[in-house]
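Student: Could you walk me through this structure, starting with the words I need before I look at single residues?

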Amino acid sequence: MDKEKLVRKFDHQSKIYETRRKKQSERKWREKLIGSAKGNVLEVAVGAGANFYFYPKDVDVTAVDFSGAMLSKAKESATASNVRATFIQSDIESISFPDNSFDTIVSTLSFCGYEYPVKVLESFSRWCKPDGQILLMEHGLSSNRLIGSTQKIIEPIFLRVVGCHLDRNMIHIFQQSPIHIHHMEHYKFNTVHLVWASPKKGEA
Ligand SMILES: C[S@@+](CC[C@H](N)C(=O)[O-])C[C@H]1O[C@@H](n2cnc3c(N)ncnc32)[C@H](O)[C@@H]1O
C-alpha cells in the first residue's frame, strides 16, 4: 500500500485511537513497559499518545508519527499528562537521527505497519546510546495453531481496512535484528510481546 494512502487511513482512525487511549486499553502492559523509560526518549509511531500517562515525570520525549491527525491527539495527551514532548511528523522508515541520540526508544503496536521492520530495528540500534534501552510492545502471529491460521485468513482484509499486518512473526523479526533482548513477556496466546532490549552496536 502506498504511504500517502496509509497516512490517510491512520488519519481517519485517530478518533478510535483517542477513545482507546481514554479507556486506557492495554494499561497493564503499557504501565509495566513505559515505566522503565528514562532520559531522552524517542517514541516512534506515537499514535494518539496512549503511553504518555505512564512515562516517569523526568523524561523528555521526541514523538514521531506520519499522521498529522494522530499527532494532534498525542499533543493533547502529553499536555494532560505533563510530559515534556516535542513532535515530528515523519515516516519513521525515512527519518534519520544522529547515532547514539537516545537513552530510550519506545515502540508500541507499530511494527505491524512498517514495510521493512528489521531495518527499523537496525535504525533503533544506531539511534540508541550504547547503554540505552529499546522498549517494545508488539503484536503478531500467535503460536497457537488455530489462532494463527485465523490471523492468516483475515490478514488481507485487516491490512486493507486497518493498515497493519496481523500475521507477522515478531519473535523472528526481533531475532533477525541487532538488539540484545534482556527480558520478554508474552500474552494472549503469544500474540502480544513486551520486550526490554538494548542495541547491539556495530551490527546495525
Ligand atoms: C496501531 S497504531 C499504534 C499507536 C500507538 N503507538 C499506540 O500504542 O497506541 C500505529 C501508529 O503508527 C503510525 N505509523 C505507522 N507506520 C508509520 C511510519 N512508517 N512512520 C510513522 N508513523 C507510522 C500510525 O500513524 C499510527 O499512529
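Tutor: Let us begin with contact, which here means heavy atoms within 4.5 Å. This is a predicted model, in which local features need pLDDT of at least 70 and side-chain atom pairs count only at pLDDT 80 or more, while totals for chains, interfaces and linings use all residues. Residues are numbered from 1 along each chain as its sequence is written, and side-chain values use heavy atoms, with hydrogens and water left out.

Student: Okay, so which residues is Ala78 in contact with, leaving aside its neighbours within four places in sequence?

Tutor: Ala78 is in contact with Phe52, Val83, Ala85 and Phe87, once neighbours within four places in sequence are left aside. Ala78 belongs to helix α4, where helices (H or I, at least four residues) and strands (E, at least two) are DSSP runs, numbered from the N terminus.

Student: Is Ala78 buried or exposed?

Tutor: Ala78 counts as buried because its relative accessibility is 3%, and the cut-offs are under 20% relative accessible area for buried, over 50% for exposed, and partly exposed in between, with a 1.4 Å probe and protein chains only. As for distance, Ala78 and Ile92 are 14 residues apart in sequence, and their C-alpha atoms are 20 Å apart in space.

Student: How does α4 sit relative to α2?

Tutor: Two packed helices are described by the angle between their axes and the distance between the axes. The axes of helix α2 (residues 14–23) and helix α4 (residues 68–80) cross at roughly 25 degrees and come within 9 Å, so α2 is roughly parallel to α4. Axes are lines fitted to C-alpha atoms, for helices over the stretch in contact, with angles running from 0 to 180 degrees between N-to-C directions. Angles under 35 degrees count as roughly parallel, over 145 as roughly antiparallel, 65 to 115 as roughly perpendicular and the rest as oblique.

Student: And which residues meet there?

Tutor: From α2, Ser14, Lys15, Tyr17, Glu18 and Arg21 meet Ala69, Met70, Lys73, Glu76 and Ser77 of α4. The residues of this contact divide into three nonpolar, two polar and five charged, where Ala, Val, Leu, Ile, Met, Phe, Trp, Tyr, Cys and Pro count as nonpolar, Asp, Glu, Lys and Arg as charged, and the others, Gly among them, as polar.

Student: Switching topic, how many residues of α5 are buried?

Tutor: Eight of the eleven residues of helix α5 (residues 117–127) are buried, and the helix is mostly covered. The buried ones are Pro117, Val118, Val120, Leu121, Ser123, Phe124, Ser125 and Trp127.

Student: What do those buried residues pack against?

Tutor: The buried residues of α5 pack against β1 (40–44), β4 (102–108), β5, α7 (170–176), β6 and β7.

Student: What about β5 itself, say Cys128?

Tutor: Cys128 lies in strand β5 and is buried, with a relative accessible area of 0%. Not counting residues up to four places away in sequence, Cys128 touches several residues, including Asn100, Phe102, Gln133 and Pro199. Cys128 and Thr104 are 24 residues apart in sequence, yet 6.7 Å apart in space from C-alpha to C-alpha.

Student: You mentioned Gln133; where is that one found?

Tutor: Gln133 is found in strand β5, which covers residues 128–139, and Gln133 is buried, with a relative accessible area of 13%. Among the residues that Gln133 touches, again not counting those up to four places away in sequence, are Ser36, Asp103, Thr104 and Ala197.

Student: Which residues have a positive phi without being glycine?

Tutor: Asn82 has a phi near 55 degrees, a positive value in a residue other than glycine, and Lys188, also not a glycine, has a positive phi of about 50 degrees. Asn82 is in the loop between α4 and β3 (84–89) and is exposed, with a relative accessible area of 62%. Lys188 is in the loop between β6 (179–187) and β7 (192–199) and is exposed as well, with a relative accessible area of 57%.

Student: Last one: what does UniProt list for residues 42–135?

Tutor: An unreviewed UniProt entry lists "domain: Methyltransferase type" for residues 42–135; UniProt positions are given in the numbering used here, feature names are shortened, and annotations may be inferred rather than shown by experiment. Over residues 42–135 the chain is 26% helix and 32% strand, with the end C-alpha atoms 10 Å apart.
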